[in-house]
Amino acid sequence: MTIYHQGNRSLQDRFDTRRLADRLEERLVRDHIDDDDRAFIQARDMFFLATADVDGRPQCSYKGGDPGFVRVLDEHTIAFPNYDGNGMHLSAGNAVVNPHVGILFVDFESRKRLRLSGVAAQAIEDPLLVEFPEAQFIWRVRATQVFPNCPRYIHEYRLVQRSRFVPKGGCKTPVPSWKTRPWASDVLPQDDPAKDPDAEIV
């Protein structure tokens, strides 16, 4: 079963790329995660997550953590933590009603990227929770399509510093300053860390 639909085909035919598209699908697109994919995914400290609601309205979000925060559990499954955010749960909420997701992993230093599409589930009581301090729940995504992308338009960047807000065991995570502002502070969850008088505000 091809990954292409009528919309893709109409443009491929318009620009005479149908033969190329078919060859790329034949050679590169897989329904599983191989050893090279595993190494690439687990070395990443960020990715982009695309979701849509039941009406097809999209969201795209950035997810960041320490290298290894995305785990490859087997050749068909990845998992990653959901950390505290702004409380809107746009991507997570979309995945509840429409579990089809797209993930883009990018290595900006080596200029490589990998696409992974799949079906997402979220578990509040997942056994992996103990391995990710302060995670709210765990995402598990069953891969349906995995393939690399041409890197030609990836700009080369270097890491300066990873976010201080990524939770780590044995120390308190700083609180973002926006949570202490009047427009937000009175509507925070009862157990929000920003209500701790000893919290570090950054």
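Me: Let's start with one side chain: is Arg57 buried or exposed?
Reply: Arg57 is exposed, at a relative accessible area of 52%. Here buried means under 20% relative accessible area, exposed means over 50%, and partly exposed is in between, with a 1.4 Å probe and protein chains only. Keep in mind that this is a predicted model, where local features need pLDDT of at least 70, side-chain atom pairs count only at pLDDT 80 or more, and totals for chains, interfaces and linings use all residues. Residues are numbered from 1 along each chain as its sequence is written, and side-chain values use heavy atoms, leaving out hydrogens and water.

Me: Which side chain does Arg57 meet in a salt bridge?
Reply: Asp55, at 3.5 Å from N to O. A salt bridge here is a side-chain nitrogen of Lys or Arg within 4 Å of a carboxyl oxygen of Asp or Glu. Asp55 is exposed too, with a relative accessible area of 59%.

Me: How many salt bridges are there by that rule?
Reply: The count comes to 17. Among them is Lys179 with Asp84, whose closest N and O atoms are 2.6 Å apart. Lys179 sits in the loop between strand 7 and helix 5 (182–185) and Asp84 in the loop between strand 4 and helix 4 (90–97), so this pair ties together parts 95 residues apart in sequence. Helices (H or I, at least four residues) and strands (E, at least two) are DSSP runs, numbered from the N terminus.

Me: And how covered are those two?
Reply: Lys179 is buried, at 3% relative accessible area, whereas Asp84 is partly exposed at 44%.

Me: What does Glu200 pair with?
Reply: Arg164, again as a salt bridge, with the closest N and O atoms 2.6 Å apart. That links distant parts of the chain, 36 residues apart: Glu200 is in the segment after helix 5 and Arg164 in the loop between strand 7 and helix 5. Glu200 is partly exposed at 40%, and Arg164 is partly exposed at 43%.

Me: Which residues make up a salt-bridge network?
Reply: Arg30, Asp34 and Asp37 are linked that way.

Me: How many bridges join strand 1 and strand 2?
Reply: 7 bridges, in the antiparallel sense. Phe47, for instance, has Lys63 in strand 2 as its bridge partner. Their hairpin has 5 residues between the strands, and Gly56 takes a positive phi near 85° there.

Me: What about strand 1 with strand 5, how many bridges there?
Reply: 3 bridges join strand 1 (residues 46–52) to strand 5 (residues 100–107), and the two run antiparallel. Leu49 has Ile103 as its bridge partner in strand 5.

Me: Last one: where is Leu20?
Reply: Leu20 is in helix 2 (residues 18–28). Leu20 is exposed, with a relative accessible area of 52%.

Methods
Two strands pair if DSSP finds at least two bridges between them.
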